[in-house]
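Subject: Structure handover

Hello,

My notes on what turned up follow below it.

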Amino acid sequence: QVQLVESGGGLVQAGGSLRLSCAASGSFFGIDAMGWYRQAPGKQRELVASITSGGSTDYADSVKGRFTISRDNTKKTMYLQMNGLKPEDTAVYYCNARILRSLLASFMHYWGQGTQVTVSP
């Protein structure tokens, strides 16, 4: 029922920018916190940025000052604006959302399919 669809990944040169989007669809009551994770080859998945339902944000030290997370609750969409991209940002980026299906249920975490971001020197 719940689906997170990511878009915006691609190939960009160092110093360039990309804007990732994550749109939630399906039947659910509400979305709580959301976040962007990434996983580089041979590495563990790491939290890049998160945002609460009220708009409070957190960032990994490696992306502070370069990435900006935001959300549009009306559109049920989360964004990650990535500026000043570096080769070390190359990874598969995943959308995550804590979603309440109904008032009779509990919050559950959902994942997007992942979108590839490749930054060339």
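A disulfide here is a pair of cysteine sulfur atoms within 2.5 Å.

Two points on provenance. This is a predicted model, in which local features need pLDDT of at least 70 and side-chain atom pairs count only at pLDDT 80 or more, while totals for chains, interfaces and linings use all residues. Residues are numbered from 1 along each chain as its sequence is written, and side-chain values use heavy atoms, with hydrogens and water left out.

The disulfide

How many disulfides does a search of the whole structure find? The search finds one. It joins Cys-22 to Cys-95, with an S to S distance of 1.9 Å. The link of Cys-22 and Cys-95 is left-handed, at -70 degrees about the S-S bond. Cys-22 lies in strand 3 (residues 18-25) and Cys-95 in strand 9, so the pair ties together parts that are 73 residues apart in sequence. Strands (E, at least two residues) are DSSP runs, as are helices (H or I, at least four), and numbering starts at the N terminus.

Are the two cysteines buried or exposed? Cys-22 counts as buried because its relative accessibility is 0%. Cys-95 is also at 0% and counts as buried. The cut-offs are under 20% relative accessible area for buried, over 50% for exposed, and partly exposed in between (1.4 Å probe, protein chains only).

The sheet and other strand pairs

Two strands pair if DSSP finds at least two bridges between them. Four strands form an open sheet in the order 1-3-8-7, with antiparallel pairing. Its edge strands are strand 1 (3-7) and strand 7 (67-72), and each pairs on one side only. From one strand to the next, the twist averages 15 degrees. For such angles, axes are lines fitted to C-alpha atoms (for helices, over the stretch in contact), and values run from 0 to 180 degrees between N-to-C directions.

Strand 7 and strand 8 (residues 77-82) run antiparallel and are joined by six bridges. Phe-67 stands opposite Met-82 in strand 8.

Strand 4 (residues 30-39) pairs with strand 9 in the antiparallel sense over eight bridges. Ile-31 has Ile-99 in strand 9 as its bridge partner. Strand 4 also runs antiparallel to strand 5 (residues 46-51), with five bridges. There, Tyr-37 stands opposite Leu-47. Strands 4 and 5 form a hairpin with six residues between them. Gly-42, in the turn, has a positive phi of about 75 degrees.

The aromatic cluster

Rings of Phe, Tyr and Trp (its six-membered ring) pair if their centres lie within 6.5 Å; planes under 30 degrees apart count as stacked, over 60 as edge-to-face and the rest as tilted. By this rule there are two aromatic pairs. One of them is Tyr-94 with Trp-111, edge-to-face at 6.5 Å centre to centre and 85 degrees between the planes. Tyr-94 lies in strand 9 (residues 91-100) and Trp-111 in strand 10 (residues 107-111), so this pair ties together parts 17 residues apart in sequence.

Tyr-94 counts as buried at 14% relative accessibility. Trp-111, at 39%, counts as partly exposed. Tyr-37, Tyr-94 and Trp-111 form one aromatic cluster.

A charge sits over a ring if NZ of Lys or CZ of Arg is within 6 Å of the ring centre and within 35 degrees of the ring normal. The charged end of Arg-45 sits over the ring of Tyr-94, 3.7 Å from its centre. Arg-45 also lies over the face of Trp-111, at 4.7 Å from the ring centre.

Best regards
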